Every structure is written in C-alpha cells, then in structure tokens.
Amino acid sequence: MTDENGQKLSNVQVQDPQTKRWTQTNSDGFFTIELTNENTNLSFSQKGKETQEIVVDSSENNVSIVLYNQTLRLEQVDIFPKKKKEYSEITLGKEAIENVQAFSLNEVLQQLPGQVTMDFNNNEFKNVVFRTAISSNNLGLSGSLSSNTNNDRKDYFQNKAFGTSIVVNDIPISNNENMQAFTSLSGGGFNDFNNPSYGVDLRQITTANIDEVKIIQGIAPAKYGDLTSGLIIINSKVSATPLRASISMLDATTEYNMSKGFKINDRNFLSLSGNYLASNEDVRDNLKSYNRITTNAAWKSSNKINTLVNTLEGSFAINNDKIKYDPDDISDPKIKNDKFSN
C-alpha cells in the first residue's frame with residue numbers, strides 16, 4: 001500500500017463491507033485479510049486520503065493499491081439571490097414573550113430597541129408610537145417612544161390615532177371607538193380614560209394566546225393599508241395543548257389564566273382560553289383600579305400539506321377603569337369607564 005509518491009502507508013483500514021471483516025496495513029504497507037467469496041469488493045481508507053474500492057479475486061496473493069491525497073477543491077458552487085426585505089421587521093417569538101412577565105401587549109413591546117422604559121402601571125391607557133414629531137414644548141428629546149403613562153408627555157402622542165395599526169390574525173383592531181371619545185381637561189392634565197388621538201389601548205390585548213408578534217417600524221406592505229407610523233402583527237397559537245392554569249402577580253396586579261387546546265383531526269384544532277386581570281395603582285388601597293375579563297375561542301384549519309391555513313377567532317372582553325375618592329364611602333362620587341369589545 002503506497003501513496004501517490006510511492007511512499008509506504010501504514011494504518012490504512014482494509015474492510016470487506018459484506019462480512020464486516022477488517023484489518024490495517026503494517027509499517028511496510030502490507031496487510032492480510034481472509035476472503036470468503038471468489039470476487040470480493042474491498043474498501044481502503046485513511047484520513048486525508050481518498051477512499052478506494054476494488055474487486056479482488058480470491059486467487060490473487062498480491063494486490064497493489066495507491067491512495068491519493070484528498071482535495072478540498074469544490075467542483076461547483078451555485079449562488080441564488082434572495083429578495084431583500086423592503087421594510088424593517090422585528091419578530092418577537094413565544095420565547096421572547098415568555099421572557100418577561102407580560103400582562104398585556106404593552107410589556108411585550110418594551111423589549112423593542114429604542115423604546116422608553118416606563119414604570120409598571122396598568123391604571124392608565126397604554127399606546128405605542130414608532131415615529132412621531134415632537135412639539136416645541138419638548139425640545140431636547142427625540143427618538144421613538146412607547147407607552148404613554150405621564151400626562152406631561154402628552155405632546156409626544158397626539159394625532160397618532162391612525163399612525164400605528166394593530167392586526168390580530170389578519171384582522172385590524174378598530175380605533176373608531178376612541179375617535180368618538182371626548183377628552184376633558186382636569187387640573188391641567190388629560191382625563192386618564194379618554195384617548196381619542198392616542199390610538200389603541202394596549203392593555204386590552206392579553207399575551208396568553210400570542211404565538212409571535214411582528215413589528216414593522218418603517219413602511220408596511222400595501223396590503224395592510226396606508227400607514228404612516230408602523231404596524232404590529234399578532235399571530236395567535238392554535239394547537240392541541242393540555243389544560244393549563246396559571247396565576248401571575250406583580251405589585252398590586254394579579255392575573256389568572258386558563259386555556260385548553262383540542263385536536264379535532266390532523267388538520268383542525270380548537271383552542272379555548274379565559275383571562276382575568278385585577279390591577280390597583282397602589283398596593284395600599286383600591287382608589288384607582290383596572291379590571292379586565294377576556295374570553296377567547298379560536299379554530300384553525302389547514303390543507304394536507306399545510307400551505308394554506310385559515311384561523312377563525314372570536315373573543316369577548318370587558319375593560320373597566322375606576323377611580324374612587326374614598327374607599328370607605330360607598331356614596332362617594334366615582335369616575336368609571338367601561339369598554340366592551342368582541
């Protein structure tokens with residue numbers, strides 16, 4: 001056994017693939033192996049050498065084999081261009097959503113780069129703005145902002161009602177209800193529960209059934225309409241899952257979740273879920289509170305090769321904001337804001 005330069009090769013593996021018998025060449029390049037068939041196909045291999053396979057007659061006593069060095073040359077490389085995305089897109093999957101203790105979509109969007117991190121508070125409406133102009137009253141601050149929780153920052157979020165759209169399973173969330181609201185001034189600030197020019201309240205969107213969130217901060221595809229300040233696409237998870245019940249608590253906020261997924265057949269699944277959230281602004285009293293009840297049913301159907309998927313989803317939600325001036329006086333004047341959505 002030699003190489004291409006005539007040098008003797010030791011430790012070359014010689015194997016009969018049929019009988020699995022094998023041996024190795026010695027320091028002089030010789031080997032001995034028992035052949036059971038008249039014509040046997042032998043394999044000769046060594047690291048860094050090209051494997052050789054030859055048919056050996058059992059009557060032959062001497063066989064000369066030459067192993068050549070392996071070459072790393074590529075015979076052919078095919079390069080195919082990939083279409084460049086025409087818009088900026090960030091995807092937050094299930095892992096990213098579960099990474100934070102999110103009670104609503106608002107906490108999920110806090111993970112986006114460039115957003116202002118606000119103190120946790122579920123007792124004021126939440127919205128998101130990706131691109132906006134800042135008024136002269138706020139010189140020296142710039143960038144994208146999220147989650148209005150301070151009346152002093154109201155100029156950041158005005159006139160954005162149709163700027164950022166939220167689409168759940170290809171169905172846009174309507175902001176018409178907010179556009180019918182009346183904003184009143186009280187003590188120099190905005191009413192906490194009216195947001196006619198601020199967009200969708202993110203508190204009403206629970207994270208229990210979210211599979212992934214796609215955020216387009218630039219120009220969105222035309223199929224989603226004429227948008228000026230980005231798009232949030234939410235896809236729900238519909239699959240067979242065991243019965244799950246969970247409780248989440250943070251500060252004065254407690255959330256209860258229950259869900260169950262059913263497999264009807266290989267192409268049809270049904271998911272049911274319920275969610276209740278109770279939140280107070282202060283752990284010491286319930287003067288300012290927010291309660292949310294959400295029920296959801298989703299059915300998913302697909303074709304045999306899973307290239308066409310249809311999701312039908314129905315939900316009913318109650319969102320209640322309430323302010324009391326004296327927790328011990330039931331006749332004390334109250335400010336309430338109830339919203340029903342389906």
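Biologist: How many residues lie between strand 17 and strand 18 in their hairpin?
Modeller: Keeping in mind that this is a predicted model, strand 17 and strand 18 form a hairpin with two residues between them. Strand 17 covers residues 253–265 and strand 18 covers residues 268–280, and they pair in the antiparallel sense over twelve bridges. Within that pairing, Tyr256 stands opposite Tyr276 in strand 18.

Biologist: And how many bridges join strand 18 to strand 19?
Modeller: There are 13 bridges between strand 18 and strand 19, the latter being residues 288–302, and these two run antiparallel. Here Leu272 stands opposite Ala297 in strand 19.

Biologist: Switching topic, what order do the four strands of the open sheet take?
Modeller: The order is 3-2-4-5, with antiparallel pairing. Strand 3 (22–24) and strand 5 (52–57) are at the edges and have a single partner strand each, so one side of each is left without a neighbour in the sheet. From one strand to the next, the twist averages 25°.

Biologist: Which residue is opposite Val14 there?
Modeller: That is Phe44 in strand 4; strand 2 and strand 4 (residues 39–45) are joined by three bridges and run antiparallel.

Biologist: What does Gln13 contact, leaving aside neighbours within four places in sequence?
Modeller: Gln13, which is found in strand 2 (residues 13–15), is in contact with Trp22, Thr23, Gln24, Ser43, Phe44 and Ser45.

Definitions and conventions
Residues are numbered from 1 along each chain as its sequence is written. This is a predicted model: local features need pLDDT of at least 70, side-chain atom pairs count only at pLDDT 80 or more; totals for chains, interfaces and linings use all residues. Side-chain values use heavy atoms; hydrogens and water are left out. Contact means heavy atoms within 4.5 Å. Two strands pair if DSSP finds at least two bridges between them. Axes are lines fitted to C-alpha atoms, for helices over the stretch in contact, and angles run from 0 to 180 degrees between N-to-C directions.
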